[in-house]
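Student: Please take a close look at one part of this model for me. I would like the aromatic pairs, and what they connect.

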Amino acid sequence: MASTAYTRPSKPPGPVGERRQPRLAKELGRIEPKKLGIGLVAGCCLALLTYISFARLFAIYSPVFESSSLVVKNVPPASMTVPSTDGVPVQEEKIVVDEEKEIAKDEVESKEPSFPEDAKIEDKEEPFQENVGATAEAKITCDENAVDEGFPYARPSVCELTGEVRISPTEKTMFFVNPSGAGPFDENGEKKIRPYARKDTFLLPGVVEVTIKSVPSGSAAPECARRHEVPAVVFSTAGYTDNFFHDNTDVMIPLFLSTAHFAGEVQFLITNFKPWWVKKYTPLLKKLSNYEVINFEKEEAVHCFPGGQLGLYRDRDLIIGPHPTRNPRNYTMVDYNRFLRRAYGLPRDVPAVLGEKTGTRPKMLMIERKGTRKLLNLHAVAALCEQLGFDVTVSEAGGEVREFAEKVNSADVLLAVHGAGMTNQIFLPTGAVLVQIVPWGKMDWMATNFYGQPARDMQLRYVEYYVSEEETTLKHKYPRDHYVFKDPMAIHAQGWPGIAEIIMKQDVEVNVTRFKPFLLQALDQLQD
């Protein structure tokens with residue numbers, strides 16, 4: 001069918017039945033044949049040149065002609081066959097792809113408005129993943145055998161991998177594509193780590209051992225079943241987890257220190273997987289990672305990543321200090337506290353404003369212990385605190401984390417006998433007061449390092465009260481001339497078994513008259 005845009009009427013307007021001689025034929029008849037031939041040749045040449053010019057412009061500006069876009073970028077056209085990637089500088093290919101996207105961006109968006117977004121991602125994902133694994137320079141750095149002077153625990157071994165990493169949970173192995181073979185590997189090209197963030201020789205045998213295996217190319221590693229665009233971090237929830245103190249010191253704080261800078265773009269794989277533990281801390285895990293946790297024990301597929309880390313960095317217990325490699329971003333415990341408040345939706349960043357104008361009474365939360373190190377005259381102490389002007393709540397730590405965190409965050413003062421419950425100071429608003437009752441037995445080092453110094457690092461005010469011989473139930477168990485009273489350091493010389501058996505099993509009954517000035521000190525610090 002002829003196009004209506006270029007079709008003329010078969011008859012010019014005029015009276016019906018009148019037939020005219022075609023004007024063009026009439027005019028051509030007057031021209032000499034020789035001149036007519038020359039004119040026709042010249043006209044054909046002009047038409048041909050016009051066609052070539054327009055065709056070239058169309059080829060240059062049309063997104064359909066891909067080879068012409070390569071002309072603009074001054075690069076050779078791609079071969080119609082897929083070349084071997086061996087020895088090809090993939091980085092150059094990636095640059096070309098980026099340039100193509102940049103040049104054709106406006107045209108693609110204007111010409112393909114209905115192109116499905118998920119189809120676009122799928123189309124780009126596979127080539128991108130391949131390039132990431134191949135182009136990243138393979139590098140491994142390990143932090144190990146680091147000892148903190150003055151602290152009993154050596155720091156755990158941690159290895160960071162830059163380059164393609166293929167994780168096979170069934171083999172408990174991270175295959176590291178490392179063409180140079182360089183790194184801290186043994187004669188088999190392997191590095192073994194138990195990724196629990198407390199280097200405790202008693203605990204480590206129970207931690208799943210994961211192997212980093214150096215391979216020269218991807219062909220020497222298992223085939224990828226699933227590819228990820230984000231790095232992987234492999235760690236363990238073995239050891240002392242289920243104790244709130246160790247949940248934080250051995251897992252959550254090291255995890256925050258190691259992964260907060262990823263802003264969620266990181267994949268966690270957990271060994272010694274405990275479903276109840278993961279459920280308990282899901283709000284924190286989801287705040288650090290945008291992806292569902294992978295159970296290292298049950299996963300069978302091989303997962304591939306553009307990088308990875310085995311193990312977690314840590315500092316001292318409930319402490320995050322500056323360090324050029326373990327903490328290059330200078331995170332602090334104040335940052336960790338803020339992270340917790342955001343993850344659990346805790347409203348208070350600072351304590352209440354006190355004074356006659358506001359009429360506000362400072363809120364005190366007293367943690368009640370049911371096992372060992374009980375405060376036997378807890379109710380008498382609570383009554384004293386009420387007399388001094390505190391609004392007192394007594395509660396046992398534990399249960400659902402968010403619920404208790406809300407109680408702690410609502411308090412201006414947290415009071416407790418030394419123990420894991422004091423770890424809840426991490427939920428206090430910045431500037432609140434922590435009061436620690438320290439049991440008998442030369443506990444000053446443990447009191448300071450486990451809770452006192454951390455409180456200061458969290459920018460909390462800190463008050464500590466050391467019980468006397470008369471305030472401990474040990475007086476009913478040992479005579480006053482026993483080394484428990486004469487030389488308490490002899491208990492510490494026995495190691496943890498002695499400390500656990502003697503010091504940790506006592507209860508206390510504070511002298512309220514002796515204790516009162518310390519409560520007044522806490523009240524004064526709130527008004528500073």
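**Aromatic pairs**

Tutor: The model is predicted. By the ring-centre rule, the count comes to 14 aromatic pairs. Start with Phe244 and Phe427. Their rings are tilted, at 6.1 Å centre to centre and 35° between the planes. Phe244 sits in helix α6 (residues 244–259), while Phe427 belongs to the loop between β13 and β14, so this pair ties together parts that are 183 residues apart in sequence.

Phe244 has 15% relative accessibility, so it counts as buried. Phe427 has 1% relative accessibility, so Phe427 counts as buried too.

Phe427 also pairs with Tyr344. Here the geometry is edge-to-face: 6.0 Å centre to centre, with 80° between the planes. Tyr344 lies in helix α9 (residues 333–344) and Phe427 in the loop between β13 and β14, so the pair ties together parts that are 83 residues apart in sequence. Tyr344 is buried, as is Phe427.

Phe427 thus has a tilted partner in Phe244 and an edge-to-face partner in Tyr344.

Now look at another group of rings. Phe245, Trp445, Phe450 and Tyr451 are linked into a cluster by ring pairs.

Arg480 lies over the face of Phe485, at 5.7 Å from the ring centre.

Notes: Residues are numbered from 1 along each chain as its sequence is written. This is a predicted model: local features need pLDDT of at least 70, side-chain atom pairs count only at pLDDT 80 or more; totals for chains, interfaces and linings use all residues. Side-chain values use heavy atoms; hydrogens and water are left out. Rings of Phe, Tyr and Trp (its six-membered ring) pair if their centres lie within 6.5 Å; planes under 30 degrees apart count as stacked, over 60 as edge-to-face and the rest as tilted. Helices (H or I, at least four residues) and strands (E, at least two) are DSSP runs, numbered from the N terminus. Buried means under 20% relative accessible area, exposed over 50%, partly exposed in between (1.4 Å probe, protein chains only). A charge sits over a ring if NZ of Lys or CZ of Arg is within 6 Å of the ring centre and within 35 degrees of the ring normal.
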